[in-house]
Amino acid sequence: MTAHLDAGVLERRASMQLVVLERPRIADGIVLLRLGHPEGLSLPPWQPGAHLEIVLPSGLIRHYSLCGDPDDPVTYIVAVLRVADGDGGSREIHDTDLDGLLLEVRGPRNNFALQPADRYLFIAGGIGITPISAMVREIAGSDRPWRLVYGGRSRSSMAFLSELGDLAPVQLVPQDEQGLPDLVAELGAAAAGTAVYACGPPALLEVVTKLCANRPDLTLRLERFTTDGSTTPIGGGAFEVELRRTGIVLEVPQDRSLLDVVRDVVRTQPYSCAEGICGTCETEVLDGIPDHHDDVLSDAERASNKTMMLCVSRSKSPRLVLDL
């Protein structure tokens, strides 16, 4: 069988060349990238929760949440935390003179969209404030009840304090002053029907997920950030993968991801988030039945089994055949 990418897949892979207009430092270890069209033309619109994929001069591909003003038609803004022990993407943005450079940018894409709800509870940890900040600004202009709990190591390391700290329903929790946010109390006090949006480090999201499991009357939406580019296997049994272009057949054991196994022999296979939220590692499936675990594909795309995300998805059939 031959797979053909549909319009939705092609749209996710669309790209443009944008210039780095400015790179100010806004908190300890955090800079903003302001991007615009080199001729000042309007950029594709976006909504809170959307992110961009940025191809860095080194070739590394990283995704960052938009945190500017959706009503600004000519500027995209993302915030980047420098991760000293990461795999180099954030260090490149912080340590390289990018001002005036053209970068390939893909998107915007939105897998973390702000859905209508009666009331909202936003929970952000560290750099996880980036998508949440745009959501808060939008909801603050409505008549819907909301609250933001924003934790960080210290005030100096927390981005957007000046604009968020003046809003009444915001609880700032610098760890060096107050310890960790009391998520048990916050979620326990949330009214039925509250939409909970959380973004931050894995430990924070694990706690939020466990607490919300006891509150079926709440709606939980998460966005995960990866800091080191490592792949987290999703689990499931072992299976084989055939790379059709090379004729190589590989064993994918239970404790390794499909992406890791493929990159053992296809070193140029692109990837970014390694958590199934950016779409960079999307690959055509020629045969077999993928076990989808991503947050990118639509229900129709998953049902077609024509494409999959290698980083988190596995196989329901003994063998997958990929167009690689």
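Which element gives the largest share of the lining of the largest pocket? Hold that thought for a moment, everyone. What you see above is a predicted model, where local features need pLDDT of at least 70, side-chain atom pairs count only at pLDDT 80 or more, and totals for chains, interfaces and linings use all residues. Residues are numbered from 1 along each chain as its sequence is written, and side-chain values use heavy atoms, with hydrogens and water left out.

Okay, the pocket. The answer is α7, with four residues. Helices here are DSSP runs of H or I with at least four residues, strands are runs of E with at least two, and both are numbered from the N terminus. A pocket is an open set of points on a 1 Å grid over the protein atoms alone, where a 1.4 Å probe fits, with protein on both sides within 12 Å along at least five of seven lines; lining residues have an atom within 4 Å of a point. This one has a volume of about 590 Å³, counted as the space filled by probe spheres set on the points, with points joined across faces, edges and corners. It's lined by 26 residues, and Gly125, Gly126, Gly151, Pro201 and Leu204 lie nearest its centre. The elements giving two or more residues to that lining are β8 (119–125), β9 (146–152) and α7 (202–213).

Now to the sheet. Five strands make an open, mixed one, in the order β14-β13-β19-β15-β17. β14 (248–252) and β17 (307–309) are at the edges with a single partner strand each, so one side of each has no neighbour in the sheet. Pairing takes at least two DSSP bridges; β15 (282–287) and β17 have three, in the antiparallel sense. Look for Thr283, which stands opposite Met308 in β17. Helix α8 (258–265) lies across β13, β14, β17 and β19, at about 145° to β14. That angle is between N-to-C directions, on a scale from 0 to 180 degrees, using lines fitted to C-alpha atoms, for helices over the stretch in contact.

Next, Thr280, in the loop between α8 and β15. Buried or exposed? Thr280 is buried, at 10% relative accessible area; the cut-offs are under 20% for buried, over 50% for exposed and partly exposed in between, with a 1.4 Å probe and protein chains only. Leaving out residues up to four places away in sequence, Thr280 touches Glu53, Ile61, Pro270, Tyr271 and Ser272, where contact means heavy atoms within 4.5 Å.

Last stop: Gln175, in helix α5 (175–178), is partly exposed at 42%.
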